[in-house]
Amino acid sequence: MTVRTRPALWWRMGIVLSAGLGLTLGTAPLVYFTVQSNVIVFGYFIGAVYWMTKRGTVDAPAPRLRGAATLYILITGLVSHVLLEHGANPLPGLVSGPDRLAHWSSFFLHYVTPVMVIADWLVLKPRNAAAWKDIPLWLAFPLGYAAIVLTRNALFDDYPLPYPYFFFDPTTEGYGYVWGQIALLTVEFVVLAALVVGLDRLGTRIADRLRPTTATRA
């Protein structure tokens with residue numbers, strides 16, 4: 001492992017640690033999209049660390065999978081903070097109260113890991129790895145997740161935790177509300193997927209602008 005590869009390697013090891021802590025400190029079941037997206041990030045970056053160590057490279061493997069993991073963890077962070085927590089400050093629960101471990105788990109899963117993965121996507125290599133044609137493939141997982149939750153609840157009335165999120169629950173406002181929420185989220189996810197591709201392009205432009213400056217100073 002060369003000096004050139006160490007910062008990226010340590011950063012990605014930090015992502016593995018953050019996702020791992022979030023998953024182990026909490027007790028949320030796998031039925032939550034939050035848990036599933038963090039499992040994907042955890043598994044992907046373990047593979048990335050192994051790849052980088054074995055090949056002595058700063059480039060993460062499987063760019064299409066990396067983009068998907070970035071999108072899913074971005075969805076997790078934004079949906080949690082905006083829709084579920086309504087923008088509430090996550091910090092007070094970390095230092096007081098009986099459920100500090102649960103708050104720390106949530107903090108890692110919904111804030112630390114998403115921010116670290118987005119920073120990785122924006123700054124680290126490979127660059128220009130995402131394609132607009134990847135977006136439909138990336139969206140298959142969150143849309144498939146919604147389809148599985150709704151189908152499962154239609155088939156099994158006594159399934160534990162039937163509605164992991166309020167926007168899947170038809171018991172108060174009916175299925176028209178649920179389908180409307182899914183349609184709205186789909187549009188938002190398309191925008192987020194486009195943002196992920198755009199951030200890849202932005203990171204490339206930033207790197208290109210910094211490269212001549214670095215060369216001149218040298």
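Among contacts in the protein chain between residues at least 6 apart in sequence, what percentage join residues at least 24 apart? The share is 73%, where a contact means heavy atoms within 4.5 Å. The model is predicted: local features need pLDDT of at least 70, side-chain atom pairs count only at pLDDT 80 or more, and totals for chains, interfaces and linings use all residues. Residues are numbered from 1 along each chain as its sequence is written, and side-chain values use heavy atoms, with hydrogens and water left out.

The protein chain has six helices and zero strands. Helices (H or I, at least four residues) and strands (E, at least two) are DSSP runs, numbered from the N terminus. The radius of gyration of the protein chain is 19 Å, close to the 17 Å that the globule rule gives for 218 residues, so the chain is as compact as a globular protein of that length. This radius is taken over C-alpha atoms, and the globule rule is 2.2 Å times the number of residues to the power 0.38. Of the 218 residues, 41% count as buried. Buried means under 20% relative accessible area, exposed over 50%, and partly exposed in between (1.4 Å probe, protein chains only).

Side chains of opposite charge can pair when their charged atoms come close. A salt bridge is a side-chain nitrogen of Lys or Arg within 4 Å of a carboxyl oxygen of Asp or Glu. The count comes to five salt bridges. One of them joins Arg12 and Asp120, at 2.7 Å from N to O. Arg12 lies in helix α1 (residues 6–25) and Asp120 in helix α4 (residues 100–123), 108 residues apart. Asp120 also meets Arg66 in a salt bridge, at 2.9 Å. Arg66 belongs to helix α3 (residues 63–84), 54 residues from Asp120. Arg12 is buried, with a relative accessible area of 0%. Asp120 is buried at 1%, and Arg66 is buried at 1%.

The search of the whole structure finds 14 aromatic pairs. Rings of Phe, Tyr and Trp (its six-membered ring) pair if their centres lie within 6.5 Å; planes under 30 degrees apart count as stacked, over 60 as edge-to-face and the rest as tilted. Tyr44 and Phe45 form an edge-to-face pair, 5.0 Å centre to centre with 90° between the planes. Both residues are buried.
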